[in-house]
Amino acid sequence: EEEDERQNIRKKVDADPLYHAAKNYARKTHGFLRDTLYKNKNADPGLAYDFQTVAWYHTMLQVKLHRALNGYYEPADEDDLGMHDAVAQLQVCKKAITQSAEALRTIKPAYPAHTSILTELLARLGNIESRILAMEESI
């Protein structure tokens, strides 16, 4: 029965639009990083920290959001540890969004050929952040 409950929670998480938004952001960001950093040995060294920030957080956001949603969908119990963990994970997600958006805004002027994708990534982060804030209000 416990295994069935865990599988049911996992199905809810995997179907959640917020998780899909983070997954799509990670995929799009990876494509941007592949085109600008991973394949480019001449990437601007002055932007190394910003690229590292985006590279670090683009996968972390997806993972932490998955964990937060697991806690969010867990049935409430006496300790409510799942919900406490969800709240903590959402804080990490918001930091990832803030740091990533700041880094992308710093990178954007140096890569005018990538303005479209950078604008899209920033919009995706804003969308994820607004959904997280709405989710927090419901907790």
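This is a predicted model: local features need pLDDT of at least 70, side-chain atom pairs count only at pLDDT 80 or more; totals for chains, interfaces and linings use all residues.

Me: How many aromatic pairs does a search of the whole structure find?

Reply: The search turns up 3 aromatic pairs. In one of them, Phe51 and Tyr111 have ring centres 5.6 Å apart and planes at 85°, so that pair is edge-to-face.

Me: Where do Phe51 and Tyr111 lie?

Reply: Phe51 is in helix H3 (residues 48-73), while Tyr111 sits in the loop between helix H4 (81-107) and helix H5 (115-138), so the pair ties together parts that are 60 residues apart in sequence.

Me: And are Phe51 and Tyr111 buried or exposed?

Reply: Phe51 and Tyr111 are both buried. They also form one aromatic cluster with Phe32.

Me: What about the rings of Tyr72 and Tyr73?

Reply: Their centres are 5.4 Å apart with the planes at 75°, so Tyr72 and Tyr73 make an edge-to-face pair. Tyr72 is partly exposed at 26% relative accessible area, and Tyr73 is partly exposed at 25%.

Me: Switching to the largest nonpolar core: which residues touch the most other members?

Reply: That core has 37 residues, and the ones touching the most other members are Phe32, Leu61, Leu65, Leu104, Ile128 and Ile132.

Me: Which helices each supply at least two residues of this core?

Reply: Helix H1 (2-15), H2, H3, H4 and H5 each do. H3 gives the largest share, with 9 residues.

Me: What does Leu65 touch, leaving out residues up to four places away in sequence?

Reply: Leu65 touches Leu18, Ala22, Leu90, Cys93, Ile128 and Ile132.

Me: OK, H5 next. How many residues does H5 have, and what's its reach?

Reply: H5 has 24 residues and reaches 35 Å from first C-alpha to last, close to the 34 Å expected at 1.5 Å a residue.

Me: Which residues of H5 are buried?

Reply: Those are Ile117, Leu118, Leu121, Leu122, Leu125, Ile128, Ile132 and Met135. What covers them includes helix H2 (17-38), H3 and H4.

Me: Why would residues three or four places apart point the same way?

Reply: An α-helix has 3.6 residues a turn, so residues with that spacing point the same way.

Me: Last one, Gln99. Which helix is Gln99 found in, and what does Gln99 touch?

Reply: Gln99 is in helix H4 and is partly exposed, at 25% relative accessible area. Not counting residues up to four places away in sequence, Gln99 touches Tyr49, Thr53 and Tyr57.

Key
Residues are numbered from 1 along each chain as its sequence is written. Side-chain values use heavy atoms; hydrogens and water are left out. Rings of Phe, Tyr and Trp (its six-membered ring) pair if their centres lie within 6.5 Å; planes under 30 degrees apart count as stacked, over 60 as edge-to-face and the rest as tilted. Helices (H or I, at least four residues) and strands (E, at least two) are DSSP runs, numbered from the N terminus. Buried means under 20% relative accessible area, exposed over 50%, partly exposed in between (1.4 Å probe, protein chains only). Contact means heavy atoms within 4.5 Å. The expected span of a helix is 1.5 Å times one less than its number of residues. A nonpolar core is a set of buried Ala, Val, Leu, Ile, Met, Phe, Trp, Tyr and Cys residues joined through side-chain atoms within 4.5 Å.
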